[in-house]
Amino acid sequence: MSSFDLISATNGTRVHQWIPVRPGPHTRVVYLEDALYGEITLGTDHRIGGLWQDLDNFSLGELITVGYGPEATCMMKNLDPRTDEVWEIRSKDPKPQIRIFGRFCAQDVFVATHATYRDHLGNPWESKFEGNHWPQEILRCRQIWEQLCQGAAPHNGRSINDYISANVVEVGKLA
């Protein structure tokens, strides 16, 4: 069974499909892991609740900027190592910034596993002993994915359009 089939089958129990607050055609799909869904929809942290707009932008097919290096202007990134297929959605406004971790289970279908404040992550070029928590969060994403998808691989592709079919721009692409 594919990861998309497994995720679709657990909608409403282990994951919840994000239904945009703003009206419009839903050209992309976001599933939120159950705990993250609760944090966003029922939590008392106003900043986590502010993720609605970022999730709506993705779901409604608005322009997505994807980065590959240290640039700060993109909305999404495939994190290193890229072969892990762990992505982040970058919620930058208002401060403090939040990162939503997840993986694609099909083209235009993103599964958000968890979120954390950017300040917690530290500098990705430092060691874990100097406060770099990126590897821990990438591992956490992979572990939650494994619980949800029971061994099914995440979606992968050769170009950004294999992940996001339309209205996407790559910034800072490495040669």
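User: Where is the place of Pro 81?

Analyst: Pro 81 is in the loop between β4 (76-78) and β5 (87-91); strands (E, at least two residues) and helices (H or I, at least four) are DSSP runs, numbered from the N terminus. This is a predicted model, where local features need pLDDT of at least 70, side-chain atom pairs count only at pLDDT 80 or more, and totals for chains, interfaces and linings use all residues. Residues are numbered from 1 along each chain as its sequence is written, and side-chain values use heavy atoms, with hydrogens and water left out.

User: Which peptide bonds are cis?

Analyst: Most peptide bonds are trans. Here the bond from Asp 80 to Pro 81 is cis, with omega near -5°. Another cis bond joins Lys 95 and Pro 96, with omega about 0°; Pro 96 is in the loop between β5 and β6 (98-106).

User: What is phi of Asp 108?

Analyst: Most residues other than glycine have a negative phi. Asp 108 has a positive phi, near 65°, and its place is in the loop between β6 and β7 (109-117).

User: Is Asp 108 buried or exposed?

Analyst: Buried means under 20% relative accessible area, exposed over 50%, and partly exposed in between (1.4 Å probe, protein chains only). Asp 108 counts as buried because its relative accessibility is 10%.

User: Which side chain of opposite charge is nearest to Asp 54?

Analyst: Lys and Arg count as positive, Asp and Glu as negative; His and the chain ends are not counted. A salt bridge needs a side-chain nitrogen of Lys or Arg within 4 Å of a carboxyl oxygen of Asp or Glu. The nearest opposite charge to Asp 54 is Arg 47, 4.9 Å away, and the buried Asp 54 has no salt bridge.
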